[in-house]
Structures are given as C-alpha cells and as structure tokens.
Amino acid sequence: MPKKLILPYLCLLYFINYLDRVNIGFAGPNGMSEELKLSATVFGFASGVFFIGYLLLEVPSNLALHRFGARRWIARIMVSWGIVATAMAFVPNGTVLIALRFLLGVAEAGFFPGIILYLTYWYPEKERARIVALFMVAVPISTALGATFSGLLIEWTGWRTMFLIEGLPAIALAIVTWFWLPDKPKEAIEEPAKEQWPLRKALTHPRVLALSFVYFGIVYGLYTLGFFLPTIIKGLAPGANIVERGLINAIPYVLGAVAMILWARHGDRTGERKWHVAAPMLLGGAAIPVALYLDNPVAAMVAVSVCAVGVCAALPTFWALPTSFLGGTAAAGGIALINSLGNVSGFVAPYVTGWLRDLTGTQKTGLWVVGITMVTAAVVALVQRAGTEKV
C-alpha cells in the first residue's frame with residue numbers, strides 16, 4: 001500500500017470502528033430501549049461497560065502490536081470486533097446486551113492506541129497534530145454520517161439490522177489489512193533522539209498519569225455527546241422523525257470536524273501544544289451545561305455545537321503531547337495506558353449521566369458533571385511541561 005493511501009485507509013478503519021462503538025446511542029431511543037425494557041441507568045451501563053474490557057487489555061494489546069507488527073495485529077482486532085458487533089443484532093435482553101458490549105471492548109482493545117503508535121512510524125513530530133487530526137476526523141464524521149445512515153437503517157429495517165449491516169465491514173476490511181497494510185516504512189523518519197524510558201517508567205510516571213486524566217476529561221465530553229445527544233435531540237425536537245433527528249445530530253460534528261483540522265494545523269504551525277488542548281476544553285466544558293438552560297431549541301443546539309467543537313479541537317493536539325517524549329516500547333505502553341485510563345470515562349460518562357437522569361428526572365445534573373470534568377482536565381493540561389523539557 002503506497003504511503004499516500006495509508007492515512008485515508010486508517011481513517012476509514014477508524015470511521016467503522018467508532019461507528020460500531022457508538023451506534024448503540026442511535027439504537028437506544030429508536031426502539032431498542034423500549035423492546036429490551038432498558039432504564040436510562042441500564043442503557044448507560046450497557047453503553048459504558050464496553051470500556052471495562054477495553055481498559056483491561058489495552059496495554060498488552062498495544063505491546064503485542066509493537067512486537068508482532070501492525071498488519072497482523074490490526075487485522076486480528078478487526079475480525080474480533082466485527083464478529084461481536086454483528087452479534088449485537090441478535091441480543092435478546094439487557095443482560096446479553098451488557099455482555100456483548102463488554103466483549104466488544106475486549107475485541108477492540110489496542111486498535112486506537114495502535115494506530116497512534118503506527119502513525120509515529122510514518123510522520124515526524126512537527127506534523128503530528130495535523131496528521132492525527134486527519135485520522136481522528138473519522139470521529140465527528142462517523143457520528144455525523146453515522147447518525148443519518150443509522151437513522152435510515154433503523155427506519156427501513158429496524159435497529160437489529162442496523163447492528164448487522166454496520167458490523168460486517170470490519171470483517172471484510174480485516175482481509176484487506178492483512179494483505180496490504182505495511183508494518184513500517186522502508187526508511188525510518190529522522191527525529192531528535194528521545195530519552196529511552198523503560199516500560200515500567202512509562203506506565204507509572206506522574207506525567208503519563210496526569211495526561212491520562214486530561215484525556216479522561218476530553219473523552220468524558222465526547223462520549224456523553226455520542227451516547228446521549230440523540231436522546232437530547234429527541235426531547236428538543238419531539239416532532240422530528242428518525243432521519244431528521246439524525247441530520248440535526250450531525251450538525252455539531254460537522255462543525256467539530258472542521259475545527260479539528262484547522263486547530264491542529266494551527267498547533268503544528270505555532271508549535272504550541274498545551275493551550276491548543278486546554279482552550280477548546282475550557283470552551284466545551286463551559287458550553288455543555290448552558291445548553292440545558294436554553295428553552296429555544298436552536299440556541300440549545302448552538303451551545304451543544306460549541307461543546308462538540310471544543311471536544312473535537314482538543315483531541316488531535318492532545319496526542320502530540322505524549323508522543324513528544326515517549327518512544328519505542330515506552331511509547332507502545334504509555335500511549336495505550338493513557339488511552340485506556342482516559343477511556344474509563346467512556347464507562348463513567350454514560351453510566352453517571354444515565355444514573356443522574358433516573359435519580360433527578362432531568363439531564364441537567366449529569367451534564368453539569370461533564371462541564372466540571374472538562375474544565376478541571378483543562379487546568380491539568382495547562383500545568384504540564386512542554387514536550388521538549390527534561391522530565
């Protein structure tokens with residue numbers, strides 16, 4: 001596979017990966033919760049339990065990728081998650097739904113940090129925020145297009161067929177990955193030598209753990225929007241049909257995709273990283289609770305869109321922070337640890353938001369927690385050292 005095709009191909013894989021991860025958010029308010037008799041708490045737990053399996057196997061999976069090569073390991077991950085994602089079409093009750101979501105996390109473990117590690121083989125540090133942004137633009141695109149596509153599938157065939165159709169591409173593309181994705185470039189990129197940390201240091205250093213919390217804050221906002229925005233929109237626009245709600249759901253993510261690329265390019269051009277992570281987090285954290293106090297649906301969607309822009313803009317530049325000082329096996333372990341601990345929020349966010357919704361009868365309390373978490377994580381990002389400084 002030529003180098004110029006690698007990034008678009010990886011973006012396609014992540015598009016499918018992220019859609020299979022969050023399409024439960026489209027199924028829930030469109031028939032699944034009613035058919036399976038799921039409370040908001042159970043739905044939130046099922047959405048978030050994915051990340052428990054993800055947490056347990058993220059580091060060993062990324063170390064395996066570093067050892068055995070990207071081509072074989074990424075293909076193995078894709079087959080595993082594709083099988084579980086298609087099995088979601090046959091779920092009979094909430095208990096099996098929870099079990100399959102857990103197994104989906106186990107199957108997907110190592111994919112995202114493996115790709116972040118893989119990109120460091122091909123692109124130098126000075127280009128990394130822009131390259132990661134082009135890769136991660138699959139997140140807002142998959143949510144924007146996925147909302148409409150999933151809505152159409154649910155309207156035409158039901159939520160079960162949606163899971164089946166959206167799970168199969170992972171299995172098909174695993175074959176392409178196995179045969180055509182190169183493990184590494186023929187010539188290594190030249191960069192200033194990094195201090196070679198032992199793996200144990202990368203997994204226990206306070207700087208790595210602090211970055212894990214920063215990522216926790218970003219992802220907390222991302223997954224709260226991903227899992228609950230369709231439900232929020234249903235409340236804001238009760239007269240809209242499934243497809244119309246999908247189009248409304250797409251608006252914040254289209255804006256987020258544009259902001260993600262432009263903000264990352266600005267970060268690469270200036271070389272500044274901390275404020276490029278913290279500033280959009282502060283913006284997004286302040287915007288999300290405001291949305292719930294606006295009676296006008298248009299004004300509320302503006303606030304939600306501002307939050308989505310903040311979350312999306314912070315994501316790619318964040319990954320320029322740990323990759324600026326981690327290399328080799330330490331990078332494989334450290335990146336995976338940051339991603340796995342950060343993605344604990346993928347469990348905490350939907351579960352806590354759903355629990356608070358059941359407890360209080362409103363979404364407001366849960367989304368206040370989102371805002372506070374993002375703002376706190378932004379402050380932690382600001383006190384981090386620059387990547388070139390000695391640890």
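View 1. Leaving aside its neighbours within four places in sequence, F112 is in contact with Y14, Y54, F135, M136, Y215, W319 and N339, where contact means heavy atoms within 4.5 Å. The whole is a predicted model, in which local features need pLDDT of at least 70 and side-chain atom pairs count only at pLDDT 80 or more, while totals for chains, interfaces and linings use all residues. Residues are numbered from 1 along each chain as its sequence is written, and side-chain values use heavy atoms, with hydrogens and water left out. F112 is found in helix α8, which covers residues 111–122; helices (H or I, at least four residues) are DSSP runs, numbered from the N terminus. With a relative accessibility of 1%, F112 counts as buried, a word that stands for under 20% relative accessible area, whereas exposed stands for over 50% and partly exposed for what lies in between (1.4 Å probe, protein chains only). L55 is 57 residues away from F112 along the chain, and the C-alpha atoms of these two residues are separated by 12 Å.

**View 2. S61 and its contacts.** S61 is found in helix α5, which runs over residues 50–68. The relative accessible area of S61 is 5%, so this serine is buried. When neighbours within four places in sequence are left aside, the residues in contact with S61 are W73, R76, I77, A109 and G110.

**View 3. The salt bridge between R21 and E108.** A salt bridge is taken here as a side-chain nitrogen of Lys or Arg within 4 Å of a carboxyl oxygen of Asp or Glu, and by this rule the count comes to four. In one of them R21 is paired with E108, the closest N and O atoms being 3.2 Å apart. R21 lies in helix α1 (residues 3–22) and E108 in helix α7 (residues 94–108), so the pair ties together parts that are 87 residues apart in sequence. Both partners are covered: R21 is buried, at 2% relative accessible area, and E108 is buried as well, at 1%.

View 4. The side chains of R130 and E127 meet in a salt bridge with an N to O distance of 3.5 Å. R130 counts as partly exposed because its relative accessibility is 28%, and E127, with a relative accessible area of 26%, is partly exposed too. A further salt bridge joins the side chains of D268 and R273, at 2.9 Å from N to O. Here D268 counts as buried at 17% relative accessibility, and R273 counts as buried at 14%.

View 5. F90, F149, L164, I165 and L168 make a nonpolar surface patch of about 460 Å². Such a patch is made of residues with over 30% relative accessible area and no salt bridge, nonpolar side chains (Val, Leu, Ile, Met, Phe, Trp, Tyr) being joined within 5 Å, and the accessible areas come from the Shrake-Rupley method with a 1.4 Å probe, only the protein chains shown counting as cover for residues. Helix α11 (residues 159–180) gives the most to the patch, with three residues. L164 lies in that helix, α11, and is partly exposed, with a relative accessible area of 31%.

**View 6. The cysteines C307 and C312.** With a disulfide defined as a pair of cysteine sulfur atoms within 2.5 Å, the count of disulfides comes to zero. C307 is in no disulfide, and the nearest cysteine sulfur, that of C312, is 9.1 Å away. C312 is likewise in no disulfide, its nearest cysteine sulfur being that of C307. C307 counts as buried at 0% relative accessibility, and C312 counts as buried at 1%.

**View 7. Helix α15 along its length.** Helix α15 (residues 274–291) has 18 residues and reaches 27 Å from its first C-alpha to its last, which is close to the 26 Å expected at 1.5 Å a residue; the expected span is 1.5 Å times one less than the number of residues in the helix. The buried residues of α15 include H276, V277, A278, P280, M281 and G284, and also among them are G285, A287, I288, P289 and A291.

**View 8. K37 in a loop.** K37 lies in the loop between α3 (32–36) and α4 (40–48). The phi of K37 is near 60°, a positive value in a residue other than glycine. K37 is exposed, with a relative accessible area of 72%.

Definitions and conventions: Helices (H or I, at least four residues) and strands (E, at least two) are DSSP runs, numbered from the N terminus. Patches are made of residues with over 30% relative accessible area and no salt bridge: like charges are joined within 9 Å, nonpolar side chains (Val, Leu, Ile, Met, Phe, Trp, Tyr) within 5 Å.
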